[in-house]
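Please look through the model below before reading the notes that follow. They are grouped by topic.

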Amino acid sequence: MGDLKKMFDPETVVFVGADDHEGSIERAILDNLLSSHKRRLYAVNSNKNKVLHLDCRPTVGDIDDHIDLAVIVAPDESVLNRIEECAEKGVEGAVVISTGPRTSTNDRKCFEARIWEIRKNSGMRIIGPDSNGIILPNTGLKATFLKADPAPGSTAFISQSGTIGNAMLYRGVAHRIGFSMFISLGSMVDIDFADIIDFLQEDYFTKSIMLYVEHIRDAKKFLSASRCFARNKPIVVLKPGRYPQSAEALTAHAGRETGTDAVYDAAFKRVGIVRAKETEDFFDTAEVLVSKSLPGGARLAVITNSGGIGIIICDTLTEQKGRLAGLSEISVERLSRIIPGSWSVNNPLDILGDADMERYVEVTDICIKDEGVDGIIVVYAPALHCDPSELAKSLAGLSKKTAKPLIAVWMGGQYSSEGIDYFREAAVPVYETPEDAVRAYMYMYNYRQGIELLNETPEEVPQNEMKLTNHLRVIVRNAIKEGKEIFAGEDVVGFLGNYGIPVLKGTPHDEKHAAQENIIDEWALRCIRDVDFGAVILLISMSSKMRHQTGFAVGLPPLNRVLARRLMEEAEFPVEHRFTVKQMEETLINFSNLIADFPEFTEIEIESVVMADDKMYAKSATIQIDKGYQKGIVQYPHLVIMPYPSRYIMPWKLRDGRDVILRPLRAEDEPLIKEMMSSLSEETLRVRFFVVMEINHRMLMQFCNIDYDREIAFVAELKEGEKKRIIGGGRLIIEPDFKSGQFALLIQDDFHGKGLGEKFLDILIGIAQERELEEIYGVVLTENEKMLRVCRKFGFKPTKLPDGITRVSLELN
């Protein structure tokens, strides 16, 4: 039970609560289910013998067939019985479309708790309650009362809200967007955003995801799934509640306290999700992010036959923090021969109201070839000398010859609408207003930036090997026993010093040194708890403590150098003094380590000063303790992103006696991994990856950037004099169902036969047991007898598959 693949492409469907009364929700669902002729459809209604041509069964248990999907329509007071019937029958999954009035808030909590209990005991997956159903156009499944008939396509739309989701689906259909999935999640008692995102990672049809989010129930699971998907395909989110008044309304609507919007914004950025601010942008962004071209930078060239429209674009571009491209001397010289009269050399390029198709195409071609231009917006306002259809056809053809994005603005309504199909066929985004075009370009640029950030290699931070934490944990435990709630003054100094955060001490010399005239800047580092995302870091300029102003930024721990630097950039930390910038980076990283190590701390505030000697110190600090904290089995209950698992670092000896360090892989290891991969023989690469791999930065960062919740990769580090080398590694990737995991090993050619492969495999089996997986498996070339021999030695059972592949599997419980 519980197979989402069967649930979303079912062979058998049962409609529980089926009715054929004209104009009813039940009839609309029945008509939609009957529109798919490839599935066996059953109807359940104890008060009817037939609905349309279908015989009715009194209960689901009366059906003599295995059921992949149940569509349940019932009011709250009877829906529990219907769900229990399906669970007892062994149904794979159910969509619960509630009708009638909702129960009160307290009763609702009990109602949802009972649904979760049924799901947990049976294994049946549940969408809803309060779902409006699901549509999968590519497989012909339409389990909903909605009349919208979206065309098959590559965009998946997942909505938490029923009514808003419905409206946006209809709007998407009107925009001629093709959908791979529409799903209304409802109350998300079981299946939530993360489950669907995980499912869509393996979906052939889906190239992008649109999310309408009001709140996240399991932030850790959501961020983990989103990060995995967003590394390869875009996710666009629309989330209301950006301001205090709307956040208040959202809390009332959700029936629960929701997390701070600034924290949601930071979380989306952390995993590469693009956030649309407006409904109109939502669909536009989802479309442009899957276009064949993304800009390499923010430098935009604007070509227009109206100088006024060019000025409007300048205003919008400034608001969006973009910039106009500076054209090269060669481009300016060529343009001077094309544009008549005393035209302005400035970008936007006003090619004048009498511009014909030839002038448009030549100017566009010059901008495409200019190395200082990253993207181009071409504006057409109705003119006598240029046919919009022919111009669109020519520009669409030109766009196919470049990797730079081309965006069209076709103004003039119906008059200029001709030719738009040429743009759509060439995947060129086209808009009716210049503001929409600029926003689309900036969404493309910001998405590219976000992906590059995910793939950026952080500089290595010197490890604080002197960090002594056990005695501090004892101090915290004793403080909790004594009912102490706050550490301040000297009580905090030991914590800060231990984590490499320099403290401005209170000696007479230091007091003089700390005189106000010697202070050149003041910043606060805070850790607070968010209701949805747990511990978060705030970097605040002491001269600007208000939100929505400069001097304020939010981040999620843990941090590395790249993430710390981005936090500083968002807070507009001054970059004039390189030493202070480096010191703040390290302070933020050390601060995030302190937060990670002590789940007992609910709030930390450090006031830091930058002195005239260009050094930074903590001037004062307080730590608030959760006096009710009790240690559980989860190591980091307060974090939604797993920190580096340093507990797995261990020394080991190769068979030839050389010492190595076995440790988890870090993003900072990219240069060492590149060196190892470049030294591998073609044969070693082939038996590991089944093809000869192209080794580039993107591939290496995806290899090194680990989500420790979902996978673990170990490396063996050998030190030769002062030089470090990585000589091999092993990886365990946990499947989205968290029941099985796939392992893979890679050993540098010179170190075959030294025992590393067996050691890595043994470690990975241990971690699979620790994560309570049911199975660990690997996929090996059948000709790779050395690897198969090791697997047989460790108890793995081999199964030969087609194409020269063998699957080896070890059951763990």
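Two strands are said to pair if DSSP finds at least two bridges between them. The model is a predicted one.

## A strand with two partners

Strand S8 covers residues 133–136. In strand S9, Ala-143 is the bridge partner of Ile-134. S9 spans residues 141–144 and pairs with S8 in the antiparallel sense, over four bridges. The two strands form a hairpin with four residues between them. In the turn, Gly-140 has a positive phi of about 80°.

S8 is also joined to strand S11 (residues 179–184) by three bridges, and these two strands run antiparallel. Here the bridge partner of Gly-133 is Ser-184 in S11.

In a regular strand the side chains alternate between the two faces of the sheet. In S8, Gly-133 and Ile-135 point one way, while Ile-134 and Leu-136 point the other way. All four of these residues are buried.

## A buried arginine

Helix H16, residues 434–454, contains Arg-439. Is Arg-439 buried or exposed? Its relative accessible area is 18%, and buried means under 20%, so Arg-439 counts as buried.

Which side chain makes a polar contact with the side chain of Arg-439? The partner is the side chain of Asp-281, at 3.3 Å. Beyond its neighbours within four places in sequence, Arg-439 is in contact with Glu-278, Asp-281 and Gln-320.

## Nonpolar cores

In soluble globular proteins, nonpolar side chains tend to be buried together. The largest nonpolar core in this model has 98 residues. Leu-588, Phe-601, Phe-743 and Ile-776 have the most contacts inside it. Leaving aside neighbours within four places in sequence, the residues in contact with Ile-776 include Phe-743, Leu-732, Phe-796 and Val-808.

Another core, of 67 residues, lies apart from the largest one. Among its residues are Phe-15, Val-73, Ala-266 and Ala-267.

## Confidence

The chain has an average pLDDT of 87, and 91% of the residues score at least 70. Confidence is highest in strand S1 (residues 12–16), with a mean of 97. It is lowest in helix H19 (residues 508–513), where the mean is 45.

Over residues 507–513 the pLDDT stays under 50, and the model has eight contacts for this stretch beyond four places in sequence. Residues 544–549 also have a pLDDT below 50, with nine contacts in the model beyond near neighbours in sequence. Where pLDDT is low, the predicted coordinates should not be read in detail.

Note on methods
Residues numbered from 1 in each chain as written. Heavy atoms only, no water. Buried < 20%, exposed > 50% of the residue type's maximum accessible area, 1.4 Å probe, protein only. Polar contact = N/O pair within 3.5 Å; in protein donor to acceptor, adjacent residues only side chain to side chain. Contact = heavy atoms within 4.5 Å. pLDDT = per-residue confidence, 0-100. Core = buried A, V, L, I, M, F, W, Y, C linked by side-chain atoms within 4.5 Å.
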